[in-house]
Amino acid sequence: MGVIRTQDEKGYRDQISTVDNSGKRVWIYPKKPKGKFYNYRKYVSYILLTILFGLPFLSYNGKPLVLLNVLETEFIIFGIYFSPQDFHLFVIAMLIGIIFIALFTVVYGRLFCGWVCPQTIFMEMVFRRIEYWIEGDANAQKRLNKSEWTTGKLWKKILKQSLFILISVLIAHTFLSYIIGIEEVWSIVTDPIGEHLGGFIAMVIFTGMFYGVFSVLREQVCTTICPYGRLQGVLLDEDSLAVTYDFERGEPRGKLVKHRKEKKRDLTDGVHALKQSVSAYPADALKTMFKDLESEPRQGDCVDCGLCVQVCPTGIDIRNGVQLECINCTACMDACDEVMVKIYKPEGLIRIDSYNGVVQKKKSVWTARAAAYSAVLIILIGLESFLFISRSDVETLLLRTPGMTYQTSEDGYISNLYNYQLINKTDMQVDVTFKVEGIDYIVFEPIGNPPTTIKNATTEGAVFIKIPKDKLTERSTKIEVQVYGNGKLIDETETSFLGPIKSSRKIIK
Ligand code: SF4
Ligand code: SF4
């Protein structure tokens, strides 16, 4: 990125805002944000939280709508059951996710972090709001923390921490219900602890983890732990949109002194009057006013009020340029817009824009890099869709038993022995029958029990295929076998049948 003029050119690059010179953590007390972007974020967070807490309760055909049981390798996504055999679909889905995030970041910067990421949603829209509600805004919180312990302070701290723990318990239960299902979680909650000791311990660990993240770690997750923030440096370019300070317009920054304020207001009124052809401001008076202003050193629109820094949940100064700590929460945009309105300046000194947007006043999000990522993304989505549509519930492998040739029986049949492998990708038992569609004289005789597959498992067995000798015209005959599961055609496979007649290959359909 290009050079951005700043009053603290070096300082912010030498250390992060949440660590002091001695290496100790600086606790961030962000001022409570307000404004239109904050309101939009609230609405987005209500929707996302409703989905997050509501999904585990939804079921389809008696199965949870979403289940990600990594312990028993059972996955249900929108009612569709996936087994470990669908691992390739997961790998491609993960690649799609990574490329989508890269593409999204190239174009829109780190907007995901501030608006959609569960860490930010819980931190800023749940835990932080509870804190504001109990302890007040940033300054009140600072004062409270510095004050002596009194009954009032004790009660506030107990109430806050109790609510934090309660919400952490709720998040832990929800998180676990995505893994083991809501019914299992309910059993852990209602049955005696001894019956689900493992589940209970998992709950306690997850609760502790979430409590630690939201009450202690906080912005450190975004600024030092999450790898996505680190990726910004390589993903963003000069056309990427991000929360950006318009340094062309804002610099040189400086306090708005009273006489300047008045002059500017006069000028604004004068121009307004001129536009409306009102003679309240004669041309001479306007000329003098312009001259006066011209003679003064140029001042940018930033009045250096520091509000954008005070509301920042990661404690940075966006005027130093795009930084990896910035989660694009847009709180500084709201704060600055409020100031701009008060000093009769257009909003958007801090806005969603690109470096080129600020310097060259042009926005071009569709760059060669974005086009390349999009092409890869479309190819991967196409591949994933094809594999998903052509995916069968039971995958069949039918191979002639190695080292065996054909056998002739007295009833005039030639038989070959086959080994089969059935990979059941569903969550139910499937009774399998083999058939060669339209040819009744081909007989399948399983050895032992008829082929049955249990849910999410691989079953192996052996089967004789028998064909009347007089129907065979070839030494090796290719046959296409249809596989029926619980009476429904579920798969097709191809194998070869050896007979006594020596000749070229032919396919029986
Ligand atoms: S809020 Fe706006 S005017 Fe105030 S310091 Fe930040 S950029 Fe400057
Ligand atoms: S700089 Fe602005 S957008 Fe970035 S984290 Fe701070 S307040 Fe949010």
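Trainee: Which residues lie nearest the centre of the largest cavity?

Mentor: First the ground rules. This is a predicted model, where local features need pLDDT of at least 70, side-chain atom pairs count only at pLDDT 80 or more, and totals for chains, interfaces and linings use all residues. Residues are numbered from 1 along each chain as its sequence is written, chains are lettered from A and ligands numbered from 1 in the order in which they are written, and side-chain values use heavy atoms, with hydrogens and water left out. On a 1 Å grid over the protein atoms alone, a cavity is a set of points where a 1.4 Å probe fits but cannot get out, a pocket is an open set with protein on both sides within 12 Å along at least five of seven lines, and lining residues have an atom within 4 Å of a point. Here the largest cavity has 13 lining residues, and those nearest its centre are Cys312, Ile316, Cys326, Cys329 and Cys332.

Trainee: Which ligand takes the space of the largest cavity?

Mentor: A molecule sits in a cavity or pocket if more than half of its atoms lie within 2 Å of its grid points. By that test the largest cavity is the space taken by ligand 2. A residue is near a molecule if one of its heavy atoms lies within 4 Å of it. Ligand 2 has 13 residues around it, with Cys312, Cys326, Cys329, Thr330 and Cys332 coming nearest.

Trainee: How does the shell around ligand 2 divide by class?

Mentor: Ala, Val, Leu, Ile, Met, Phe, Trp, Tyr, Cys and Pro count as nonpolar, Asp, Glu, Lys and Arg as charged, and the others, Gly among them, as polar. The shell of ligand 2 has ten nonpolar, three polar and no charged residues.

Trainee: Where does ligand 1 sit?

Mentor: Ligand 1 sits in the second largest cavity. Its surroundings include Tyr245, Asp304, Arg319 and Met340. By class, that shell has nine nonpolar, one polar and two charged residues. The cavity itself has 13 lining residues, with Cys302, Val303, Cys305, Cys336 and Leu349 nearest its centre. Helix H16 (residues 331-342) gives the largest share of this lining, three residues; helices (H or I, at least four residues) and strands (E, at least two) are DSSP runs numbered from the N terminus.

Trainee: Is cysteine 326 buried or exposed?

Mentor: Buried means under 20% relative accessible area, exposed over 50%, and partly exposed in between (1.4 Å probe, protein chains only). Cysteine 326 counts as buried because its relative accessible area is 9%. Cysteine 336 is buried too, at 10%. Cysteine 222, in helix H10 (residues 220-225), is likewise buried, at 10%.

Trainee: What is the volume of the largest pocket?

Mentor: The volume of the largest pocket is about 1,000 Å³. It has 26 lining residues, and Leu52, Leu68, Phe112, Pro118 and Tyr178 are the closest to its centre. Helix H3 (87-108) is among the elements that each supply at least two residues of the lining, and H3 gives the largest share, six residues. By class, the lining has 22 nonpolar, three polar and one charged residues.

Trainee: Which backbone values deserve a look?

Mentor: Most residues other than glycine have a negative phi, and most peptide bonds are trans. Arginine 218, in the loop between helix H9 (197-217) and H10, has a positive phi near 50°. Arginine 218 is also buried, with a relative accessible area of 2%. Tyrosine 344 has a positive phi of about 60° and is found in the loop between H16 and strand E7 (350-353).

Trainee: Which peptide bond is cis?

Mentor: The bond from glutamate 251 to proline 252 is cis, with omega near -5°. Proline 252 lies in the loop between helix H12 (247-250) and helix H13 (258-275).

Conventions. Grid points are joined across faces, edges and corners, and a volume is the space filled by probe spheres set on the points.
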